[in-house]
Every structure is written in C-alpha cells, then in structure tokens.
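Dear colleague,

Please find the structure below.

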Amino acid sequence: MSSPSSAPQLWVLNAVALVGTMAIMAFVAVVGPVVRILGLEDWHAGLSLTVGGVLWMLAARRWGKLSDRVGRRRVLLISLSAYAITYVVMALSVDMALTSPPAMALSLLILVGSRALVGLFYAAVPAITAASVADQVAPQHRASAMAKLGAANAVGLVAGPVVAGWIALYDIAWSLYAAALMPVLALVLIAWKLPETYAGNKSGNKAGNKPGAVPTPGQPGLGWQDPRLRLPLFAVFTAMIAVAVTQSTVGFLVLDRMQLSLSEGAKTAGYALTAVGSGLILSQSMMMRITWPPERWLLLGAVLAGSGFGAVALLESAVPMLAAFGLAGIGMGMVRPAVQALTANCVEAHEQGEAAGMVASMQGLSMVVGPLAGTLLYRISPGTPYVLVLILLMLLAVAVWRYQSAEVSQRGTGVTS
C-alpha cells in the first residue's frame, strides 16, 4: 500500500471518474430540449432522472460486491462497455426520433428506458473507483486520495453540462454521441493502464475495524445495520440531501427572494451553483495537501456547510447569498472525500467494494428523496429546505464529535482494533 503520490495508476481512476461524471451530466443538460422536441410533458424529464436514480441506488452495492469477488478492472470494463453501448443506442434513438417523431408512448419508453440503463451501469463507476483507491492507498493517506477523486467528479459535474450544451447549439443528438464517447475513452484508459486488483489479494490492504465491530465468521456480507457503517451512511445521506435540495430549489429561491426576471433568475441560480462547485474544488484541493484523519475533515466540513446553508436560509441579497453558497460548497467538498475515506478505513479489505457500493446506493437514495423533500418544504417558506439541511448537518457534526470522543476513550483504556 502506498501514498497517493507513489501510486501512479490513481490518475487513471481520477480520469475515469471525470469522464463518467461528464457523460451522465451531459444528459441532464439536454433532456429539457429533447423532451420539448419529442412533444413530451416536462414531468417526463423528471421521471427519466428519477428512474435512473432508483436503478443507480439498487445497483451500486451489487457492482461493488461483484468487484470484491472478480476484480475491480474487470467489472469496470464490463459496466463501462454497457454504459457506452446504452448511450450510443440512446443517441441513435433520439437522433431518429428528432427526425421523425414516433408515438408519444414510444418516445417516453426510449427516454426513460435508456436513462434507466445509464443509471444502472454508471452506478459501478463511483463505487469501484473509490474501492480501488482504498485498495492502493494507506489509511492515513486516503482522505487526500479521495479528495483527488472528488475533485475529478466536481470538474465533471461542471464540465459535462457545459460541453453538452455547447455541442447542442449545433446538434442535440451529437451532444449524446459525444457523451457516449466519454465512457469509451475511460475503457481505453482502463484497458491500457489500470492493473487488475482483487480485494484483500494483490493490494494487501486491510483496514482496522472498530472494537466490537468485527464481522462474525461466515457472514455473507455487509448489512445496512452494520455498526461500522452507520456514520458514513448517515454522512453521505446528509451530504447528498443538501446537494439535491440546492439543485431543486435554488432557481425558485433567487426568483422569490430577489424579485428577478426569469432570465436574471436563471443567471443568478447558475452563479450560485458555480459558487458551490468552486467551493468544492477549492476545499478538495486543500485536502490533497493536508494529511488529516477523515473524521477531522468530516467534522469541519459539516460545520462549514451547515453555516453556509443556514445563512442561505436568511439572506435576501445576491452577493451575500452567493458567498454563503460558496462557504457551503467548501464544507461539502470536505464531507464527500472524508466519508469515502472513513468508509474504507472502517471495513476489511474483502469488503471495500461492497462498502463503497453501499455509500453510492445511499447517494442514489438521497437524489431520489432530496428533490421531493426540498420542493415540498419550499411551499412552507423559501428558507425551510435550507433549515432542514442545517439541522441534518449539525446532527452530523455532533455524531462525528461523539465518534471521535469514543475513539479517544477506547485508546485511553487500551482497547485496540
């Protein structure tokens, strides 16, 4: 096992995370125009995204567990091949539908079905890339390595819609063809540069378990009630609820709070999301350079993000609100890599893929529940969704503080893992 700087193959995982995220976000950028051109209802776009999120949630753990058994590289090649084929089929179908629109039912089936399969196959990427990092990097360096992976995802979140939107100015179908090319590039990189690893085999990685949390012999796998994963699962659920609430309500918030026109509101909402994205990249760049345990990053991130979202609930002018979103982004940028590193450190080597898949599944659940909760709470008042996020993040901070205190107490009494 090594540090991030001495494991050169990690750049391949970062590149795979980047292009995988760009591909899935490219669809988000063009789904609105595609729905309008095909003559579908606006809510059909939301349906396609929701169905994709549900399959992502259901599949991520299974992909991770499969990679524990047969190898990370092999499963990534399988999932990304299917991901690319699905995108090509979707692009061809949409291209033909735009030229000669079929019946509405068939158009809806094409849109929802292809997006569902994209979510199903993409679910392997975040789970297995995180597990691969855990295989190759020593526990004390995992937060920094996961931050690099998080930064790649953050860049993909921003770059995917931008690139797809630019290509869509010329041809919407070609933006989907370009998205299909991205997993193909990932396949080439993996086949060319990424060595095969097996959980607990070639990596030789074995992270320490917490006292009293060692699984019993013969246990078939990790369970959702596993005490080792309670904090990571709650943390990723909270973090992704915050992201989903922001994405689903920020457009309405700036319109209602600042009394802007539709065009000015869209521009300001874009600035707010850019501020969050910039904060993510800034904090993750800092994490790459500072070696702290993941618990410390998680506590700091929860407090900073909670402070930012709490301020958003109160502010009504543009510049302070954008600064608050930036602060929230800085905190959120610390939370996600810390959660991934903490997850890896809490389980055994042969459980890394399944544990990473469970975290990814919880992320999918949050992306299904979050938009609904955010929009329903927004009907009470514009600030209410952000108050919910503040409460969840403060509860997370308390949970992390108690977790750290318990660890210190165990070390003080001589209990070891």
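This is a predicted model: local features need pLDDT of at least 70, side-chain atom pairs count only at pLDDT 80 or more; totals for chains, interfaces and linings use all residues.

Residues are numbered from 1 along each chain as its sequence is written, and side-chain values use heavy atoms, with hydrogens and water left out.

The largest nonpolar core holds 123 residues. Such a core is a set of buried Ala, Val, Leu, Ile, Met, Phe, Trp, Tyr and Cys residues joined through side-chain atoms within 4.5 Å, where buried means under 20% relative accessible area (1.4 Å probe, protein chains only). Tyr-83, Tyr-87, Leu-298, Phe-309 and Phe-325 touch the most other members. Helix H1 (residues 10-37) supplies the largest share of this core, 17 residues; helices are DSSP runs (H or I, at least four residues), numbered from the N terminus.

Helix H3 (residues 72-99) and helix H4 (residues 104-122) have axes that come within 9 Å and cross at roughly 165°. Axes are lines fitted to C-alpha atoms over the stretch in contact, with angles from 0 to 180 degrees between N-to-C directions. H3 is therefore roughly antiparallel to H4 (an angle over 145 degrees). In contact (heavy atoms within 4.5 Å), Tyr-83 and Tyr-87 are among the H3 residues, and Leu-117 and Phe-121 are among those of H4.

How values were computed. Buried means under 20% relative accessible area, exposed over 50%, partly exposed in between (1.4 Å probe, protein chains only). Helices (H or I, at least four residues) and strands (E, at least two) are DSSP runs, numbered from the N terminus. Angles under 35 degrees count as roughly parallel, over 145 as roughly antiparallel, 65 to 115 as roughly perpendicular and the rest as oblique.
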